[in-house]
Amino acid sequence: MEPPKGLITRILELAFMLALSAYLIRTAAYWIQEVWPILLTIAIIVTVTIITFFFAIVFAAILTREKIRGQNFFRIIFYIPNILSVVVIAGIFSAIYKPDNGMLNSIFSLFAGRDVMVLWKDQPMVIVSVIIAMVWQAIGYYMVMYMASMSAVPVDLYESASLDG
């Protein structure tokens with residue numbers, strides 16, 4: 001006696017669906033383990049670059065166009081993090097983010113009027129902490145580059161641009 005054709009088709013469809021499900025589960029596990037950290041790293045790099053360039057342009061424009069007392073002092077202060085090693089920066093931000101007596105939690109406690117303990121080394125906040133440290137280190141270098149290019153623009157060009165609107 002031969003099995004009905006519909007039964008064989010159903011068994012083959014079920015086998016195909018099981019194989020496809022196993023493949024998709026393996027693919028999802030691959031994406032979670034291998035690809036997701038790469039995408040997260042790319043997102044961090046893009047975020048740091050955009051924030052760094054924005055602040056570098058703003059500070060360069062302020063220090064180049066405006067007459068501020070202590071202008072050279074501010075240039076040096078902004079550039080110092082660029083010449084520090086990564087280990088020194090990690091130590092500085094470790095002291096800032098310390099949960100019990102770090103500078104940032106002390107400032108939050110001062111404004112809140114009670115003890116506030118933000119765990120900067122927890123999973124959601126560690127990315128923000130790394131982004132802040134990376135921006136702080138890189139902003140001086142790009143600011144100096146933008147200041148050099150902005151100072152090369154003649155003052156007459158700024159005047160004509162303001163007259164033209």
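This is a predicted model: local features need pLDDT of at least 70, side-chain atom pairs count only at pLDDT 80 or more; totals for chains, interfaces and linings use all residues.

Trainee: Is Ile-83 buried or exposed?
Mentor: Exposed. Its relative accessibility is 60%, and the cut-off for exposed is over 50%, so Ile-83 counts as exposed.

Trainee: What patch does Ile-83 belong to?
Mentor: A nonpolar patch on the surface. Its members are Phe-54, Phe-55, Val-58, Ile-62, Ile-68, Phe-73, Phe-74, Ile-76, Ile-77, Ile-80 and Ile-83. Together they have about 960 Å² of accessible area.

Trainee: Which helices each supply at least two residues of the patch?
Mentor: α1 and α2.

Trainee: And which one gives the most?
Mentor: α2, with six residues.

Trainee: Staying on α2, where does Gln-71 lie?
Mentor: In that helix, which covers residues 71-83.

Trainee: Buried or exposed, that Gln-71?
Mentor: Buried. The cut-off is under 20% and Gln-71 has 16% relative accessibility, so it counts as buried.

Trainee: What does Gln-71 touch, not counting residues up to four places away in sequence?
Mentor: Leu-63, Thr-64 and Glu-66.

Trainee: What about Asn-82?
Mentor: Asn-82 lies in helix α2 too. Asn-82 is partly exposed, because its relative accessible area is 25%, between the 20% and 50% limits.

Trainee: Which residues does Asn-82 touch, leaving out those up to four places away in sequence?
Mentor: Gln-137 and Tyr-141. There is also a C-alpha separation to note: Asn-82 and Ala-138 are 56 residues apart along the chain, and their C-alpha atoms are separated by 5.9 Å.

Trainee: Where is the place of Gln-33?
Mentor: In helix α1, residues 5-65. Gln-33 counts as exposed, because its relative accessibility is 58%.

Trainee: New topic, rings. How many aromatic pairs are there?
Mentor: The count comes to nine aromatic pairs. Among them is Phe-93 with Tyr-97, a tilted pair. Their centres are 5.7 Å apart, with 40 degrees between the planes.

Trainee: Are Phe-93 and Tyr-97 buried or exposed?
Mentor: Both are buried.

Trainee: And why is the pair of Tyr-141 and Tyr-142 edge-to-face?
Mentor: The planes are at 80 degrees, and over 60 counts as edge-to-face, so the pair gets that label. The ring centres are 5.2 Å apart.

Trainee: How accessible are those two tyrosines?
Mentor: Tyr-141 is at 34% relative accessibility, so it counts as partly exposed. Tyr-142 is partly exposed as well, with a relative accessible area of 30%.

Trainee: Which residues do ring pairs link into a cluster?
Mentor: Phe-53, Tyr-141, Tyr-142 and Tyr-146. Recall that Tyr-141 is also touched by Asn-82.

Trainee: Back to Phe-93. Which residues of helix α3 are buried?
Mentor: Ile-89, Phe-93 and Ile-96, in a helix that covers residues 86-96. They cover an arc of only 50 degrees around the axis, which puts them on the same side of α3.

Technical notes: Residues are numbered from 1 along each chain as its sequence is written. Side-chain values use heavy atoms; hydrogens and water are left out. Helices (H or I, at least four residues) and strands (E, at least two) are DSSP runs, numbered from the N terminus. Buried means under 20% relative accessible area, exposed over 50%, partly exposed in between (1.4 Å probe, protein chains only). Contact means heavy atoms within 4.5 Å. Rings of Phe, Tyr and Trp (its six-membered ring) pair if their centres lie within 6.5 Å; planes under 30 degrees apart count as stacked, over 60 as edge-to-face and the rest as tilted. Patches are made of residues with over 30% relative accessible area and no salt bridge: like charges are joined within 9 Å, nonpolar side chains (Val, Leu, Ile, Met, Phe, Trp, Tyr) within 5 Å. Accessible areas come from the Shrake-Rupley method with a 1.4 Å probe; for residues, only the protein chains shown count as cover. A salt bridge is a side-chain nitrogen of Lys or Arg within 4 Å of a carboxyl oxygen of Asp or Glu. The arc is that of the directions from the helix axis to the C-beta atoms.
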